[in-house]
Amino acid sequence: MDISVVIPAYRELEKLPRALEMLRFSGDFEIIVAGDELPEEDIRFLRKKDVVLDLSDERRGKANALNHAAGM
């Protein structure tokens with residue numbers, strides 16, 4: 001994959017569904033969601049989408065979450 005879009009998420013996905021919808025344009029790229037402390041309901045939602053998940057049960061902080069997801 002040449003292009004990856006990494007989106008950090010903490011505890012809830014308030015704006016993420018809309019962001020995922022807006023990213024659905026033609027092109028070859030992957031979407032990685034770096035989620036910290038997400039509720040099970042949000043994880044189930046994301047598993048139905050065409051995204052790569054990098055989940056943590058603990059808060060890593062935005063920079064650490066992005067760095068970890070980028071290294072996947």
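Me: Which order do the strands of the open sheet have?
Reply: Strands are DSSP runs of E with at least two residues, and helices are runs of H or I with at least four, numbered from the N terminus. Two strands pair if DSSP finds at least two bridges between them. Here, an open sheet of 3 strands has the order 1-2-3, with parallel pairing. Strand 1 and strand 3 (52–56) are at the edges with a single partner strand each, so one side of each has no neighbour in the sheet. This is a predicted model, where local features need pLDDT of at least 70, side-chain atom pairs count only at pLDDT 80 or more, and totals for chains, interfaces and linings use all residues. Residues are numbered from 1 along each chain as its sequence is written, and side-chain values use heavy atoms, leaving out hydrogens and water.

Me: How many bridges join strand 2 and strand 3?
Reply: They pair in the parallel sense over 5 bridges. D36 has S56, in strand 3, as its bridge partner.

Me: What makes up the largest nonpolar core?
Reply: In soluble globular proteins, nonpolar side chains tend to be buried together. A nonpolar core is a set of buried Ala, Val, Leu, Ile, Met, Phe, Trp, Tyr and Cys residues joined through side-chain atoms within 4.5 Å. Buried means under 20% relative accessible area, exposed over 50%, and partly exposed in between (1.4 Å probe, protein chains only). In this model the largest such core has 13 residues, and L16, L20, I31, V33 and L46 have the most contacts inside it. Strand 1 (4–10), helix 1 (16–23), strand 2 (30–36) and helix 2 (40–47) each give two or more residues. Helix 1 gives the most, with 3.

Me: Where are the salt bridges?
Reply: A salt bridge puts a side-chain nitrogen of Lys or Arg within 4 Å of a carboxyl oxygen of Asp or Glu. The whole structure has 3. One joins E37 and R11, with the closest N and O atoms 2.8 Å apart. E37 is in the loop between strand 2 and helix 2, and R11 in the loop between strand 1 and helix 1, so the pair ties together parts 26 residues apart in sequence.

Me: Which residues are linked in a network of salt bridges?
Reply: D36, D54 and R60 are. D36 meets R60 at 2.7 Å between the closest N and O atoms. D54 also meets R60, at 3.1 Å, N to O.

Me: Are D54 and R60 buried or exposed, and what is the relative accessibility of each?
Reply: D54 is buried, at 6%. R60 is buried too, with a relative accessible area of 19%.
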